[in-house]
Amino acid sequence: MPQHERIPNKYVVDSVNGESQRSIIRLRSTDHEPSFKFTFEAIRPNLFRTEFFSDKHPLPPHPSCPRPKANLNSGKFVVKHAASEATLELGGIKAAINWAHTPAISLQWDDEPPTYQDLPFRSYAVDGSGIAHYAQYKPGTLHVGLGEKSAPMDLSNRHLVLSTSDCFGYDVYSTDPMYKHIPLLINATPDGCVAIFSTSHSRGQWSVGSEMDGLWGRYKVYRQDYGGLEEYLILGRTLKDVVRSYADLVGYPQLVPRWAFGYIAGGMKYSMLDQPRASDALVEFADKLKKHDIPCSAFQLSSGYTVAEAEPKTRNVFTWNKHRFPDPQGFVREYHRRGIRLIANVKPYVLESHPEYQKLRDAGALFRDPRTNQSAVTRLWSAGGGESAEGGYIDFTSAAGFRWWYDGIKALGKVGIDCMWNDNNEYTIPDDEWRCALDGGVLEKADLLDCQHSCTIGLWGRALQTELMAKCSYDALVALEPA
């Protein structure tokens, strides 16, 4: 990617608030047009929030976690403010910010060595359509996180892509990116642990000590492809402390049902059978489990149940192959009678051969290609591995797309399907300029933004679509069974 880095390095103070319940410092650059704003706020004694943005580099339009309320009741709280620096002391932690040049933050425990420090003179930079955040690198310490990365677990001295890919059959040591987009990097040092977490869904990169030069030495840098920066810094004595504070910030996962801890069977082979019919073969499989006394909590149907009966035999989400499953409700009932739940594979795209493709195009349920002003087209899995056809992804920010998916999940639930496998939702879209509809009322801030400037999937991020797909599937199932 091209590098277009500029570093605002003259700042003035807009406001300093050092009240007992809240501490926030707001700065504004004076040597860059448009002016960049920088915010440093204490949220908890060990949790700090930063912003770096301008009118042309807006904050994440739908951040991946809600902004928490400040709570600084515990511990001593002191703010010392001078011409170009401020120090906060609270709960045994000292946080300092210096803006003599570009703002630079350091965090430490009382008078111990700093656990975290920004890179002086280069900490927060504009880089083309996005930003770059540089921090000092501590060789010989442990770096973990970023959701899902190939081995080894320690991410030190590596360059990593923050994106998602359906990397089926990946190499355990070298494949990158992989399935998850979680821009959380944790550094464990002898002086404590610190986490850096960006709330953006935009693609990006982390260089964790893999870059160096004679002037700057070794550093770590987070480069975000689009928009401005909203970041949280979390300080803790141990990894457990940091992870708990992170969970407090973003939310804890819901408890899964007890049956999910049992044996969940699966296999594409069964649902792809035409002779014998897949439904008959699957019931026979369930009987074999009982015969051999193999407990089974659920069966994952794969996507063979959706394969069209006529050529081209493609996978069409929310359809049933009536040769393989002539009575879907009766088939589900047979599995439930044997105490086995069913999980359906669902994919957030439609091929041009899908019976409802044209309906979704006409309704604006798919992404729009600005070059043609039509629904955007790309190649997608159509049947088995390596087989593809053209089609489009569901845009979950569109009212039509969200509703169609919601109704499709409900229909599967009414047949008796117990759970959904939200598959192939990495949204490996080829063009950042594809447009999101933002007309679904799902996103609270959608109506506050200039769509011409900010409705690209590059800014909003592909991972947002993954989250909205999960929300839509969840909402539909809960509507069927609120308890």
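Biologist: Are H3 and H4 roughly parallel or roughly antiparallel to each other?
Modeller: This is a predicted model, in which local features need pLDDT of at least 70 and side-chain atom pairs count only at pLDDT 80 or more, while totals for chains, interfaces and linings use all residues. Helix H3 (residues 278-291) and helix H4 (residues 328-337) pack at an angle of about 5° with their axes 10 Å apart; axes are lines fitted to C-alpha atoms, for helices over the stretch in contact, and angles run from 0 to 180 degrees between N-to-C directions. Angles under 35 degrees count as roughly parallel, over 145 as roughly antiparallel, 65 to 115 as roughly perpendicular and the rest as oblique. H3 and H4 are therefore roughly parallel.

Biologist: How many nonpolar residues does the contact of H3 with H4 have?
Modeller: Residues are numbered from 1 along each chain as its sequence is written, and side-chain values use heavy atoms, with hydrogens and water left out. The contact (heavy atoms within 4.5 Å) is made by Ser-279, Leu-282, Val-283, Phe-285 and Ala-286 of H3 with Phe-331, Glu-334 and Tyr-335 of H4. Ala, Val, Leu, Ile, Met, Phe, Trp, Tyr, Cys and Pro count as nonpolar, Asp, Glu, Lys and Arg as charged, and the others, Gly among them, as polar. By class there are 1 polar and 1 charged residues, and the number of nonpolar residues is 6.

Biologist: What is the distance, centre to centre, between Tyr-270 and Phe-299?
Modeller: Rings of Phe, Tyr and Trp (its six-membered ring) pair if their centres lie within 6.5 Å, and planes under 30 degrees apart count as stacked, over 60 as edge-to-face and the rest as tilted. A search of the whole structure finds 23 aromatic pairs. Among them, Tyr-270 and Phe-299 are edge-to-face, with 80° between the planes and a centre-to-centre distance of 6.2 Å.

Biologist: Which residue is the bridge partner of Ile-264 in S21?
Modeller: Two strands pair if DSSP finds at least two bridges between them, and S20 and strand S21 (residues 298-300) pair in the parallel sense over 3 bridges. They belong to an open sheet of 4 strands in the order S20-S21-S22-S28. In S21, the partner of Ile-264 is Ala-298.

Biologist: What angle does the direction of helix H6 make with that of S22?
Modeller: Helix H6 (residues 399-415) packs on this sheet and touches strand S22 (341-346) as well as S28. The direction of H6 makes an angle with that of S22 of about 155°.

Biologist: Are H6 and H9 oblique or roughly parallel to each other?
Modeller: H6 and helix H9 (residues 462-480) pack with their axes 8 Å apart, at an angle of about 45°. H6 and H9 are therefore oblique.

Biologist: Which residue in S18 stands opposite Ile-131?
Modeller: Strand S12 (residues 130-136) and strand S18 (residues 217-224) run antiparallel and are joined by 6 bridges. The residue in S18 opposite Ile-131 is Gln-224.

Conventions. Helices (H or I, at least four residues) and strands (E, at least two) are DSSP runs, numbered from the N terminus.
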